[in-house]
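Subject: Structure handover

Hello,

Here is the structure for your files.

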Amino acid sequence: RAVLREASEERTAAIEGAWLGGAAEALAHGQVSDAYWWAREAVRQDADFLSAYNTLGVVYRRSGNPAAAEQVFTYALSRDPANTLFMSNFAMVLKDEGRAAESKMLTDIVERKQPFAPFHFFNLGSDAMRLGDFKTARDMFMRELVRDPYNHEFHFWAAAAFARLGDSAQSKKHLAIAIDFATTRSQHDLYAAKLDRMKAYN
């Protein structure tokens with residue numbers, strides 16, 4: 001059993017590192033079609049690996065296909081009904097579709113289940129930035145990104161913290177991701193202008 005479990009863990013790590021990693025990178029660069037094929041391949045490699053369905057659902061949402069996203073998240077939650085990440089992403093799909101009441105119902109469940117409220121680490125990071133404690137700010141923003149890796153605002157503030165710590169490479173990386181995940185033209189232009197200024201000084 002130990003050998004089988006180890007083999008399963010190695011397979012999961014391979015899927016996460018290769019296909020889901022490829023999907024996440026493609027999404028970060030706005031390459032939604034490529035992200036779709038990476039995510040689909042992850043599902044094909046292991047139909048029981050539910051994180052692959054979560055990524056596929058995110059890809060469907062980003063590509064403007066909420067019906068397909070809903071189908072994927074409904075299936076994932078049927079397999080793992082207590083998964084708050086699936087619930088959070090499904091809630092965003094429902095919100096996109098104008099189903100505010102259903103979205104709020106899921107969001108309320110997530111808030112009750114999570115040991116920390118949404119934006120908990122982000123708020124701690126923001127406080128640390130105001131106090132000039134940029135290392136703590138960076139750590140808090142990165143913890144928030146573990147919970148919500150597709151939030152452009154979290155990436156933007158992580159970029160700001162890295163910049164204050166003198167790590168221009170990481171700052172540029174997160175700023176570029178913030179640009180790709182921006183949901184409005186004004187956000188996109190703001191982040192792009194900041195990235196252009198950073199490149200001009202390096």
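This is a predicted model: local features need pLDDT of at least 70, side-chain atom pairs count only at pLDDT 80 or more; totals for chains, interfaces and linings use all residues.

Residues are numbered from 1 along each chain as its sequence is written, and side-chain values use heavy atoms, with hydrogens and water left out.

Overall fold

The protein has eleven helices and zero strands; helices (H or I, at least four residues) and strands (E, at least two) are DSSP runs, numbered from the N terminus. Of the 202 residues, 37% are buried. Buried means under 20% relative accessible area, exposed over 50%, and partly exposed in between (1.4 Å probe, protein chains only).

Largest pocket

The volume of the largest pocket is about 1000 Å³. A pocket here is an open set of points on a 1 Å grid over the protein atoms alone, where a 1.4 Å probe fits, with protein on both sides within 12 Å along at least five of seven lines; lining residues have an atom within 4 Å of a point. Grid points are joined across faces, edges and corners, and the volume is the space filled by probe spheres set on the points.

The lining holds 34 residues, and S88, N89, M92, D148 and N151 lie nearest the pocket centre. Elements giving two or more residues to this lining are helix 3 (50-62), helix 5 (84-96), helix 6 (100-113), helix 8 (134-147), helix 9 (152-164) and helix 10 (168-181). Helix 5 gives the most, with nine residues. By type, the lining divides into 15 nonpolar, ten polar and nine charged residues (Ala, Val, Leu, Ile, Met, Phe, Trp, Tyr, Cys and Pro count as nonpolar, Asp, Glu, Lys and Arg as charged, and the others, Gly among them, as polar).

N151 lies in the loop between helix 8 and helix 9 and is buried, with a relative accessible area of 14%. Its side chain reaches the backbone nitrogen of F154 at 3.1 Å.

Helix 10

The 14 residues of helix 10 should span 20 Å at 1.5 Å a residue, and its end C-alpha atoms are 20 Å apart, which agrees; the expected span is 1.5 Å times one less than the number of residues. Buried residues in helix 10 are S171, H174, L175, I177, A178, I179 and F181. F181 has a relative accessible area of 7%. In sequence F181 and P149 are 32 residues apart, and their C-alpha atoms are 9.8 Å apart in space.

Aromatic pairs

There are eight aromatic pairs in the structure. Rings of Phe, Tyr and Trp (its six-membered ring) pair if their centres lie within 6.5 Å; planes under 30 degrees apart count as stacked, over 60 as edge-to-face and the rest as tilted.

Y36 and W37 form an edge-to-face pair, 4.9 Å centre to centre with 75° between the planes. Y36 is partly exposed at 23% relative accessible area, whereas W37 is exposed at 59%.

Y53 and Y75 form a tilted pair, 5.0 Å centre to centre with 55° between the planes. Y53 lies in helix 3 and Y75 in helix 4 (residues 66-79), so this pair ties together parts that are 22 residues apart in sequence. Y53 counts as buried at 12% relative accessibility, and Y75 as partly exposed at 34%.

Ring pairs also link F122, F141, F154, F156 and W157 into a cluster.

Regards

Conventions: A polar contact is a pair of N or O atoms within 3.5 Å; within protein, one must be able to donate a hydrogen and the other to accept it, and residues adjacent in sequence count only if both atoms are side-chain atoms.
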